[in-house]
Amino acid sequence: EKISLSFNDFRSIYQQISIIKPDEIYNLAGQTSVSLSFSQPVETLESIVLGNINLLESIRFSNLPIKYYNAGSSEIFGNTSEVAHENSILNPLSPYGVSKAAAYLQVKNYRDAYNLFATTGILFNHESPLRKKHFVTAKIINAVCSIHKGSKKKLVLGNLDITRDWGWSPEYVESMWRILQYKDPEDFVIGTGKSISLKEFVKYVFEYFNLNWKDYVKIDKKLFRPSDIKISRCNPSKAKKILNWKPKLNSY
C-alpha cells in the first residue's frame with residue numbers, strides 16, 4: 001500500500017509511523033545526484049539531512065522496536081587513495097557527500113544516545129537498468145546504443161580519468177536487508193573492492209558494438225565538477241565476514 005508524506009514535516013512522518021507501526025524502515029529517499037547537488041545544495045541538504053533526522057526523531061518518539069536503515073554513500077570518504085572501510089576518515093567533496101556524511105553521523109548519534117536500532121549502509125556505486133538517463137552510466141549506454149543504430153550525435157562527457165567501485169544494484173539491496181537482520185545495529189561498507197576508470201567503462205561499452213570510442217566521444221570541461229573524487233574503492237570484508245555478503249558480479 002502506498003502512502004503520501006512529506007520528509008520535511010516531522011508530524012507527517014510521525015503520524016504515519018504511529019499508524020503503520022512498521023518493523024523495518026529503509027530510508028532511500030533524498031536527492032541522489034552528485035552533479036546536481038552543486039547547483040541545488042540547499043535542496044540536497046534538506047532532503048537528505050532533514051528527512052533523516054525527522055525519521056530518527058519519529059522512531060524515537062514512537063517507542064516502537066523499529067529497525068532503521070539509512071542509505072549512506074561512498075561520497076562521504078572523498079578520494080580513497082587508501083581503500084575505504086568503516087573506520088576511514090570522512091572527507092566529502094560535494095554538497096551531496098557533505099549531506100550524506102551528516103546523515104551518517106546523525107544515525108551514529110541516535111544509536112548511541114537513544115539505543116535505537118539505527119544503521120547506515122555505506123554503499124559504493126551500484127547500477128541497474130532503472131538508473132535515470134542523466135546519470136553518467138545510463139547516459140553512456142543510451143548514447144552508444146543510439147550511435148550503433150545510426151545516430152551521428154557525439155557522446156559529450158566530462159572527466160574520464162575518475163575511477164569508481166561499481167556494483168550490481170540488486171545485490172546491494174540484499175545487503176541492506178542483511179544489515180537489518182544482523183543482531184546488532186552496525187554500519188557496513190558495501191562494494192566490490194575493485195574499481196575501474198570511466199574511460200575504461202566507455203571503452204568497454206563501445207567495444208561491445210565493435211566501435212572505437214575515440215571516434216564518438218567529446219570532452220567538455222563544463223561538465224567537470226568544481227571538486228570531484230578521483231579514486232573510489234572500498235574494502236567490504238566486514239560485510240563478508242559478519243553478514244556473509246559479497247557481490248557475485250565483479251566479486252571482491
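Select Glu 127 to start: this residue is buried, as its relative accessible area is 14% (buried means under 20%, exposed over 50%, partly exposed in between, with a 1.4 Å probe and protein chains only). The model is predicted, so local features need pLDDT of at least 70 and side-chain atom pairs count only at pLDDT 80 or more, while totals for chains, interfaces and linings use all residues. Residues are numbered from 1 along each chain as its sequence is written, and side-chain values use heavy atoms, with hydrogens and water left out.

**Salt bridges**

Glu 127 and Arg 131 form a salt bridge, with the closest N and O atoms 2.9 Å apart (a side-chain nitrogen of Lys or Arg within 4 Å of a carboxyl oxygen of Asp or Glu). Arg 131 is partly exposed, at 26% relative accessibility. By this rule the structure has seven salt bridges.

Next, select Asp 187 and Arg 111, whose side chains meet in a salt bridge at 2.9 Å, N to O. This pair links distant parts of the chain, 76 residues apart: Asp 187 is in the loop between H6 and strand S8 (188-190), and Arg 111 is in helix H4. Helices (H or I, at least four residues) and strands (E, at least two) are DSSP runs, numbered from the N terminus. Asp 187 and Arg 111 are both buried.

Then move to helix H6 and pick Arg 178 and Glu 174. Their side chains meet in a salt bridge at 2.7 Å, N to O. The two are separated by about one helical turn, because they are four residues apart in helix H6. Arg 178 counts as partly exposed at 23% relative accessibility, and Glu 174 is partly exposed at 30%.

**The largest pocket**

Select Thr 32, Ser 33, Val 34, Arg 131 and Phe 135. Of the 47 residues that line the largest pocket, these lie nearest its centre. The space in this pocket is about 1600 Å³. On a 1 Å grid over the protein atoms alone, a pocket is an open set of points with protein on both sides within 12 Å along at least five of seven lines, a cavity is a set where a 1.4 Å probe fits but cannot get out, and lining residues have an atom within 4 Å of a point. Grid points are joined across faces, edges and corners, and a volume is the space filled by probe spheres set on the points.

Which helix gives the most to the lining of the largest pocket? H6 does, with five residues. Among the other elements that supply at least two residues each are helix H2 (34-39), strand S4 (126-127) and helix H5 (136-148).

**Cavities**

Two cavities of 30 Å³ or more are present. To see its lining, select Asn 27, Ala 29, Ser 47, Ile 48, Asn 70, Ala 71, Lys 100 and Ala 103. Helix H3 (41-62), S2 and helix H4 (95-114) each give two or more residues to this lining.

Go to strand S1 (residues 24-27): Ile 25 and Asn 27 form its covered face, Glu 24 and Tyr 26 its uncovered one. S1 runs parallel to strand S2 (residues 67-73), joined by four bridges (two strands pair if DSSP finds at least two bridges between them). Glu 24 stands opposite Lys 67 in S2.

Last, select Gly 121 in strand S3 (residues 117-123). Gly 121 counts as buried, at 0% relative accessibility. Its C-alpha atom is 10.0 Å from that of Val 173, 52 residues apart along the chain.
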